[in-house]
Amino acid sequence: MSLMASTRRPSTSPRSGQKSSKGRAQQSPDKMRSWRMLLKLVGGLYLLVLYFTFTFKWIPIVHPLADLQLRPLPLQDTPPLNLVPFHSISCYWQSLKSDPFHHTSILNLWGNILAFVPLGLFMPLSLAGNLAYLRSLLTGFLLTLSIELTQLVLAVGVWDIDDILLNLTGVAVGLILSVPLRFFLAKYLRE
């Protein structure tokens, strides 16, 4: 019994002013979990805003901005759906060649891309695991597909395969930008 008492390990308490590695390890997942929950909440609200804005051409939160020509295009000569990839995109590019400030073309080309960049940028940050990027791309695809299908069923717009391509381009740009941001955020939260 006295042999056991004499072989007791020395105390390894952390120095004052330093956090123990166990404390840091516990704090890092808590910070990461908090950030992910915040991003999921903000991301969910953003998905709703995207859905209502692109489906019904209505901005639910900032309604005075709805006068920015977010109304559906006149559908007199427009078929209810476009299944030919790059048809609408080429029409918009042609109109931009003749008038570089053609409002509808700029809004349809760049608006469809830029509006979906935040989805690709922040969604992988809110998800854990190796499939975060694939799940983000799939979410972007399902969202834009639901927008287009709702427009077709309710006749509030034109179902256009090019809108899906442009929206997915925006998600892909966001995913590319999220790689260094995810690395930086993980490093920051470990400190």
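Modeller: Accessible areas come from the Shrake-Rupley method with a 1.4 Å probe, and for residues only the protein chains shown count as cover. On that basis, the chain exposes about 12,900 Å², of which carbon and sulfur atoms supply 69%. The model is a predicted one, in which local features need pLDDT of at least 70 and side-chain atom pairs count only at pLDDT 80 or more, whereas totals for chains, interfaces and linings use all residues. Residues are numbered from 1 along each chain as its sequence is written, and side-chain values use heavy atoms, with hydrogens and water left out.

Biologist: How many helices and strands are there in the chain?

Modeller: Helices (H or I, at least four residues) and strands (E, at least two) are DSSP runs, numbered from the N terminus. The chain has 7 helices and 2 strands, and their pattern along the sequence is α-α-β-α-α-α-α-β-α.

Biologist: What percentage of the residues in the chain is buried?

Modeller: Buried means under 20% relative accessible area, exposed over 50%, and partly exposed in between (1.4 Å probe, protein chains only). Of the 191 residues in the chain, 31% are buried.

Biologist: Is Asn 82 buried or exposed, and which residues is Asn 82 in contact with beyond its neighbours within four places in sequence?

Modeller: Asn 82 lies in strand E1 (residues 81–82) and counts as buried because its relative accessibility is 9%. Contact means heavy atoms within 4.5 Å; leaving aside neighbours within four places in sequence, Asn 82 touches His 87, Ser 88, Trp 159, Asp 160, Ile 161 and Asp 162.

Biologist: What is the phi of Phe 86?

Modeller: Most residues other than glycine have a negative phi. Phe 86, although not a glycine, has a positive phi of about 70°. Phe 86 sits in the loop between E1 and helix H3 (87–98) and is exposed, with a relative accessible area of 53%.

Biologist: Which residues of H3 are buried?

Modeller: An α-helix has 3.6 residues a turn, so residues three or four places apart point the same way. In H3, the buried residues are Ser 88, Ile 89, Tyr 92, Ser 95 and Leu 96. Seen down the axis of H3, these buried residues fall within an arc of 125° and so line one face of the helix; the arc is that of the directions from the helix axis to the C-beta atoms. The face turned away from the buried side of H3 carries the exposed residues Lys 97 and Ser 98.
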